[in-house]
Amino acid sequence: LSMSLPPFGRLARVIARGADKARVREVLVSAAERMRPAAPRPGFLLGPAPCPVVRIRGELRCHLLLKGQTHAELFRMLDRAAEALADRNGVLLSVDVVPVSML
């Protein structure tokens with residue numbers, strides 16, 4: 001069972017960071033709510049959760065993990081969240097498609 005993990009599936013990671021922990025989490029919760037209907041199956045969108053390294057240079061970090069069989073499935077989920085991710089008010093975001101490290 002591949003569980004849709006590489007090399008049999010695809011991964012993407014959305015990382016949010018900022019000074020206000022509640023705001024960082026709020027941005028990712030809003031994005032996740034919009035992405036869930038586009039997820040191919042339950043369990044293909046994980047989080048939001050604190051990053052393994054929660055704080056870097058004073059900024060708090062949380063992330064979402066997206067799984068899919070193809071990159072197209074990942075991009076469908078990200079497209080659904082575009083509006084929520086655009087309204088981030090002081091929260092910095094990065095999207096890592098095919099992440100090499102989860103730290």
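Is Glu-59 buried, partly exposed or exposed, and what is its relative accessible area? Please describe its surroundings as well.

Reply: The model is a predicted one. Glu-59 has a relative accessible area of 23%, and because buried means under 20% and exposed means over 50%, Glu-59 counts as partly exposed.

Glu-59 takes part in a salt bridge with Arg-17, in which the closest N and O atoms are 2.5 Å apart. Since Glu-59 belongs to strand 3 and Arg-17 to strand 1, the pair ties together parts that are 42 residues apart in sequence. Arg-17, with a relative accessibility of 34%, is likewise classed as partly exposed. Side chains of opposite charge can pair when their charged atoms come close.

The structure holds 2 salt bridges. In the one between Glu-26 and Arg-23, the N to O distance is 2.5 Å. Both of these residues lie in helix 1, 3 residues apart, which is about one turn of the helix. Glu-26 is partly exposed at 47% relative accessible area, whereas Arg-23 counts as buried at 13% relative accessibility.

Strand 3, residues 59-68, also contains Cys-62. Cys-62 has a relative accessibility of 7% and therefore counts as buried. Leaving aside residues up to four places away in sequence, Cys-62 touches Val-14, Ile-15, Ala-16, Val-24, Leu-28, Ala-49, Pro-50 and Cys-51.

The buried residues of helix 2 are Glu-73, Leu-74, Met-77, Leu-78, Ala-81, Ala-84 and Leu-85. Helix 2 comprises 16 residues, 71-86, and at 1.5 Å a residue it should span 22 Å; its end C-alpha atoms are 21 Å apart, which agrees. At Arg-80, helix 2 bends by about 40 degrees.

Beyond strand 4 (92-97), the following segment includes Leu-103 and Val-98. Val-98 is partly exposed, at 48% relative accessibility, and touches Leu-11 and His-71, not counting residues up to four places away in sequence. The C-alpha atoms of Val-98 and Pro-6 are separated by 8.4 Å, although the two residues are 92 residues apart along the chain. Leu-103 counts as exposed, at 59% relative accessibility. Together with Val-53 and Ile-56, Leu-103 forms a nonpolar surface patch of about 240 Å² accessible area.

How values were computed: Residues numbered from 1 in each chain as written. Predicted model: local features only at pLDDT ≥ 70, side-chain atom pairs only at ≥ 80, totals over all residues. Heavy atoms only, no water. Patch = residues over 30% accessible without salt bridge, like charges linked within 9 Å, V, L, I, M, F, W, Y side chains within 5 Å. Areas by Shrake-Rupley, 256 points an atom, 1.4 Å probe, with all protein chains shown as cover. Salt bridge = Lys/Arg side-chain N within 4 Å of Asp/Glu carboxyl O. Helix = DSSP H or I, 4+ residues; strand = E, 2+ residues; numbered from the N terminus. Buried < 20%, exposed > 50% of the residue type's maximum accessible area, 1.4 Å probe, protein only. Expected span 1.5 Å × (residues − 1). Bend = angle between axes of the 7 residues up to and from the residue. Contact = heavy atoms within 4.5 Å.
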